[in-house]
Amino acid sequence: MACELCTNTQELSDLLITGANQEGTVVLCSTCKTQIEKEELDENHFNCLNDSMWSEVSAVKILSYVLLNKLGRQDLVDMLYLEEDEQKLADQIINADANK
């Protein structure tokens with residue numbers, strides 16, 4: 001098993017993505033999870049989103065979309081296709097984060 005964002009195989013744990021009557025789990029390494037939880041994203045580390053955004057796992061695509069938005073990577077956000085329910089959840093997460 002590996003981090004579903006950066007493929008690191010060390011110190012893995014789950015991150016639950018919830019909202020809009022959906023939930024999913026993303027397996028993350030401690031580096032990704034810590035940066036996400038502290039909202040201190042290292043853009044160099046998260047270049048891995050260039051690959052993870054194409055995942056077939058809904059929760060991974062949603063998390064990639066949210067992180068790419070936070071990093072201001074509109075070029076990649078514009079390329080990423082989300083199903084309607086995935087888009088609703090991603091937008092809900094982005095809006096909740098903006099209102100913190």
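**Exercise 1. In which loop does Glu39 lie?**

Keep in mind that you are working with a predicted model.

*Step 1.* Find Glu39 in the chain: this residue sits in the loop that runs between α1 and α2 (49-52).

*Step 2.* Check the backbone. Glu39 is not a glycine, yet its phi is positive, about 55°.

*Step 3.* Check the surface. The relative accessibility of Glu39 is 43%.

**Exercise 2. Work out whether Glu11 is buried or exposed, and describe its phi.**

*Step 1.* Look in the segment before β1, where Glu11 has its place.

*Step 2.* Phi of Glu11 is near 50°, which is a positive value in a residue other than glycine.

*Step 3.* Glu11 has a relative accessible area of 61%. The cut-off for exposed is over 50%, so Glu11 is exposed.

**Exercise 3. Describe helix α3 and follow one of its residues, Ser64.**

*Step 1.* Start with length. The 13 residues of α3 reach 19 Å from the first C-alpha to the last, close to the 18 Å expected at 1.5 Å a residue.

*Step 2.* Now look at cover. Ten of the 13 residues in α3 are buried, which makes the helix mostly covered. Among them are Ala59, Ile62, Tyr65 and Leu68.

*Step 3.* Zoom in on Ser64, which lies in α3. Its relative accessibility is 0%, so Ser64 counts as buried.

*Step 4.* List its neighbours. Leaving aside residues up to four places away in sequence, Ser64 touches Leu5, Leu49, Ser52 and Met53.

*Step 5.* Step off the end of the helix: just after α3, Gly72 has a positive phi of about 70°.

**Exercise 4. Describe the largest pocket and the largest cavity.**

*Step 1.* Take the pocket. The volume of the largest pocket is about 250 Å³. Its lining has 14 residues, and Leu15, Ile17, Ile36, Ile93 and Asp97 lie nearest the centre. Two or more lining residues come from each of β1 (12-19), α1 (30-38), α3 (58-70) and α5 (84-98).

*Step 2.* Sort that lining by class: eight residues are nonpolar, one is polar and five are charged.

*Step 3.* Turn to the cavity. Searching the whole structure gives one cavity of 30 Å³ or more, and the largest cavity holds about 30 Å³ of space.

*Step 4.* The residues lining the largest cavity include Phe46, Leu49, Asn50, Leu68 and Arg73. By class, the lining has five nonpolar, two polar and two charged residues.

Conventions. Residues are numbered from 1 along each chain as its sequence is written. This is a predicted model: local features need pLDDT of at least 70, side-chain atom pairs count only at pLDDT 80 or more; totals for chains, interfaces and linings use all residues. Side-chain values use heavy atoms; hydrogens and water are left out. On a 1 Å grid over the protein atoms alone, a cavity is a set of points where a 1.4 Å probe fits but cannot get out, and a pocket is an open set with protein on both sides within 12 Å along at least five of seven lines; lining residues have an atom within 4 Å of a point. Grid points are joined across faces, edges and corners, and a volume is the space filled by probe spheres set on the points. Helices (H or I, at least four residues) and strands (E, at least two) are DSSP runs, numbered from the N terminus. Ala, Val, Leu, Ile, Met, Phe, Trp, Tyr, Cys and Pro count as nonpolar, Asp, Glu, Lys and Arg as charged, and the others, Gly among them, as polar. Buried means under 20% relative accessible area, exposed over 50%, partly exposed in between (1.4 Å probe, protein chains only). Contact means heavy atoms within 4.5 Å. The expected span of a helix is 1.5 Å times one less than its number of residues.
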